[in-house]
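Work through the exercises below with the model open. Try each task before reading its solution.

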Amino acid sequence: LKQLSVSDISLSDSPMHRISLAGLSRCQNLRHLVLGMEVTDPEEISACTELLALELIGIPLDSLELLRPLHSLEHLKLIGYPALDLMPLTELSQLKTLILSSSELLSLESLAKLPALKNLKLDIGTMYPSLEPLANTRLEYLSLSADRLKLRTEVYDHLDYTPLTKIRTLISLDLENHRNVDADLCTAIVENAPGLLYLNINQTPAAHDFKAPKQLIYFGNAY
């Protein structure tokens, strides 16, 4: 068994309908695992040390500690969690792609300790205290596309976006709906990331007057 998907989230919340992961640790050839429903025995995931891709969609987790042993993991998707401490992910030295959807990330500091990380998506509505740790990454694809409803509550207004100008490896950047992104910031990002090919500044102040270089593909409809 190399791939397993258990993702029917429409089942009842009754314990009678929960799926036990007992025995999953015996699937030593498992490479791709998707869990998107109520399960028991999630600690079994820790024994699947050959996993390359893991998607956890709302399964009950007290922390990400069970992911520490997954040293081969290259792609991780965590969707539907109220708050996440990313510190356990620092053990995942092979992680290339990380997709997170959480109401709050306690810190992005751990991401700077992931040497292979190239693709980061902080899904719509995810909040984080600072972008400063991203300045110490070698990200190529970064999506911070925001939820306009969240923006009305001013949850992103405190952010300092200048750390994004220090990510020289960027190829693609999505800043849609961030209302403090202006043309000066975008110019600095482009100047310091010579390989940048795609920029989404849709529904930002920058969309009014940013002058994109010819080689850049960008979306910039003003709000």
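**Exercise 1.** Find what the buried residues of α2 pack against.

*Solution.* The buried residues of α2 pack against β10 (172–174), β11 (198–200) and α3 (206–209). Helices (H or I, at least four residues) and strands (E, at least two) are DSSP runs, numbered from the N terminus. This is a predicted model: local features need pLDDT of at least 70, side-chain atom pairs count only at pLDDT 80 or more, and totals for chains, interfaces and linings use all residues. Residues are numbered from 1 along each chain as its sequence is written, and side-chain values use heavy atoms, with hydrogens and water left out.

**Exercise 2.** List the buried residues of helix α2 and explain why they line one face.

*Solution.* Step 1: α2 spans residues 183–192, and its buried residues are Ala-183, Leu-185, Cys-186, Ile-189 and Val-190. Buried means under 20% relative accessible area, exposed over 50%, partly exposed in between (1.4 Å probe, protein chains only). Step 2: down the axis of α2 these residues fall within an arc of 160°, so they line one face. The arc is taken over directions from the helix axis to the C-beta atoms. Step 3: on the other side of α2, Asp-184 and Glu-191 are exposed.

Definitions and conventions: Contact means heavy atoms within 4.5 Å.
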